[in-house]
Amino acid sequence: MTGTRKVSSGTAWEPVVGYSRAVAAGDYIFVSGCTSVTGADFVHPGDAAAQTRQAIANVASALESLGASLADVVRTRIYVTDISRWEEYGRAHGEAFAGTMPATSMVQISALVDPRMLVEVEAIAYRPGAGSGDEAAAAGAGAAGL
């Protein structure tokens with residue numbers, strides 16, 4: 001492993017639970033589950049697609065903080081509270097990842113930390129040099145092969 005870097009989203013949950021929004025370790029970036037929040041505010045109540053888009057936007061923001069993008073994502077997991085709405089979550093995921101087509105899973109869970117939350121998205125990205133902050137190496141690698 002070439003190094004480790006971490007970023008925080010500043011949400012209230014991170015220090016309580018003891019986690020980072022994203023961790024770059026070696027050539028991989030692991031993004032913790034993201035939900036439909038902007039700053040500290042929950043957004044898009046009841047709208048599964050909009051919540052998924054917001055969660056993915058939060059994934060993108062974490063990746064950008066570490067010199068990567070959604071194009072570098074190789075794996076996602078989508079946790080949902082109502083699998084019967086799979087197509088709403090799935091279409092929003094498809095919009096964001098149509099060009100990348102990462103491996104993914106959609107799993108129904110009983111609840112998220114806020115009962116208004118319908119979806120949580122986590123991701124793994126591959127970006128050579130991400131853990132060391134070597135932007136030259138990371139820029140040269142791009143999303144080639146994806």
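These legends walk through several close-up views of the predicted model shown above. Residues are numbered from 1 along each chain as its sequence is written, and side-chain values rest on heavy atoms, with hydrogens and water left out. Because the model is predicted, local features need pLDDT of at least 70 and side-chain atom pairs count only at pLDDT 80 or more, while totals for chains, interfaces and linings use all residues.

**View 1. The whole protein chain, to get your bearings.** The protein chain has 4 helices and 8 strands; helices (H or I, at least four residues) and strands (E, at least two) are DSSP runs, numbered from the N terminus. Along the sequence, these elements follow the pattern β-α-β-β-β-β-α-β-α-β-β-α. Of the 146 residues in the protein chain, 42% are buried. Here, buried means under 20% relative accessible area, exposed means over 50%, and partly exposed lies in between (1.4 Å probe, protein chains only).

View 2. Strand β8 covers residues 119-126. It is largely enclosed by the rest of the structure, because 6 of its 8 residues are buried. Two strands are said to pair if DSSP finds at least two bridges between them. Strand β3 (residues 28-34) pairs with β8 in the antiparallel sense over 5 bridges, and I29 stands opposite A125 in β8. β6 and β8 also run antiparallel, joined by 7 bridges; in this pairing, look for V73 opposite A125.

View 3. Strand β6 (residues 73-80) pairs with strand β7 (residues 103-108) in the parallel sense, over 6 bridges. Y79 stands opposite V107 in β7. Together with helix α3 (residues 86-97), β6 and β7 make a right-handed β-α-β unit. A crossover is right-handed if, with the strands pointing away from the viewer, the path from the first strand over the helix to the second runs clockwise.

**View 4. Helix α2 from end to end.** Helix α2 (residues 48-65) has 18 residues and reaches 26 Å from its first C-alpha to its last, close to the expected 26 Å; the expected span is 1.5 Å times one less than the number of residues. At the start of α2, a side-chain oxygen of D47 comes within 3.3 Å of the backbone nitrogen of A49. α2 is mostly covered, with 13 of its 18 residues buried. The C-alpha atoms of A55 and V119 are 7.8 Å apart, although 64 residues separate them along the chain.

**View 5. R127 and G67.** Just after α2, G67 takes a positive phi of about 80°. The backbone oxygen of G67 lies 3.3 Å from a polar atom of the R127 side chain. R127 sits in the loop between β8 and α4 (135-141). With a relative accessibility of 12%, R127 counts as buried.

**View 6. The largest pocket.** About 200 Å³ of space lies in the largest pocket. Of the 14 residues that line it, S8, S9, R21, N58 and S61 are the closest to its centre. On a 1 Å grid over the protein atoms alone, a pocket is an open set of points with protein on both sides within 12 Å along at least five of seven lines, and lining residues have an atom within 4 Å of a point. Grid points are joined across faces, edges and corners, and the volume is the space filled by probe spheres set on the points. α2 gives the largest share of the lining, 4 residues.

Conventions
Polar contact = N/O pair within 3.5 Å; in protein donor to acceptor, adjacent residues only side chain to side chain. 1 Å grid on protein atoms, 1.4 Å probe; cavity = no way out; pocket = protein on both sides within 12 Å on 5 of 7 lines; lining within 4 Å.
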